Amino acid sequence: MSDMMRAIEISEPGGPDVLRECDRPIPAPAHGQVVLKVAYAGVNRPDALQRAGKYAPPPTASDLPGLEASGVVVAIGPGVSGLALGDAVCALLPGGGYAEYVATPAAHCLPVPAGLSMKQAACLPETFFTVWSNVFTRGGLKAGERFLVHGGSSGIGTTAIQLASTLGARVFTTAGSDEKCAACLSLGAERAINYRTEDFVEVMKGEGGADLILDMVGGDYIPRNIRALADDGRMVHIAFLSGPKAELNFAQIMARRLTVTGSTLRPQSDLAKARIAQDLREVVWPLIEAGTVAPVMDQTFALADAAGAHARMEGSTHIGKIVLEVGGEV
């Protein structure tokens, strides 16, 4: 076997056209790591932010984009237990997914759920790790609570709607077209709000306010989210498509006992991510294998057309996940 692999690198900060094919050395597994022969790689907003020069990878991570993939274990580093050569897994990656091979901590690998293809499995890690940790662990969502998720037709949104509704919450969501709203309703949302024609603040106030809001928009949504929350409500931020800054009246936060928090996944410790993986294995993987929850797929692109995949994502017409075909189904 050659010691080189095909990969997609960021030639310079910029638009989708700065993604280019290259040859890179196949990575070797460090302590606690495995190397995967990649079948499919998921495409996510942080990849586009990194490509644009707005989201630097951690110092120890690959400079190649790609935060999730499915594949087969082809090398195992020292200190790894519970995985064997040939195992089919999907994994949260520190980076490097847009390549034929990638190294990642073994504790961030999960088995491909029974009944799912490798293509579907590649869509699970980034979104399910993010939704579980922010909606249920950080946000504390409980059955019966009113949950508002913005961007309901995105990979995060489609995952959050399904998990929250399956676990008993009342789910509300925003989306930018009637088609996207219909998709959200089909996934379990009680109410899908077309933000171009309706005000989510008024809708949520009419329902008694949201107990939890998951926001990836930011900007002028931040003060509107505050108004849309019920007393003792929580707001969790995971991204800022419209910018991270807003003017807030903190008297409202104090008087109504609101909680404002947020997180990003990539900078968290390997141990923190391993704990999320364990939660998913115990609670969420059985739901996927039962067919109760499933990744919503948008479009597949060849690895060489990563630029097309990024353009598709940034055009915001997609519903669900976009993936790159690298090695294909095993």
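Me: Before we look around, what counts as a pocket, and which residues count as its lining?

Reply: A pocket is an open set of grid points with protein on both sides, and its lining residues have an atom within 4 Å of a point. In this predicted model, the second largest pocket has 26 lining residues. Those nearest its centre are Thr60, Ala61, Ser62, Pro94 and Ala103.

Me: How much space lies in the second largest pocket?

Reply: About 410 Å³.

Me: Let's turn to the largest pocket. What is its volume?

Reply: The volume of the largest pocket is about 1,200 Å³. Its lining has 47 residues, and Arg45, Ser154, Met216, Ala239 and Leu241 are the closest to the centre.

Me: Which elements give two or more residues to the lining of the largest pocket?

Reply: Here the list holds helices and strands: α1 (45-51), α3 (125-138), α4 (155-166), β9 (170-175), α10 (306-314) and β15 (321-325). The largest share belongs to α3, which contributes five residues.

Me: How does the lining of the largest pocket divide by class?

Reply: It has 22 nonpolar residues, 16 polar ones and nine charged ones.

Notes. Residues are numbered from 1 along each chain as its sequence is written. This is a predicted model: local features need pLDDT of at least 70, side-chain atom pairs count only at pLDDT 80 or more; totals for chains, interfaces and linings use all residues. Side-chain values use heavy atoms; hydrogens and water are left out. On a 1 Å grid over the protein atoms alone, a cavity is a set of points where a 1.4 Å probe fits but cannot get out, and a pocket is an open set with protein on both sides within 12 Å along at least five of seven lines; lining residues have an atom within 4 Å of a point. Grid points are joined across faces, edges and corners, and a volume is the space filled by probe spheres set on the points. Helices (H or I, at least four residues) and strands (E, at least two) are DSSP runs, numbered from the N terminus. Ala, Val, Leu, Ile, Met, Phe, Trp, Tyr, Cys and Pro count as nonpolar, Asp, Glu, Lys and Arg as charged, and the others, Gly among them, as polar.
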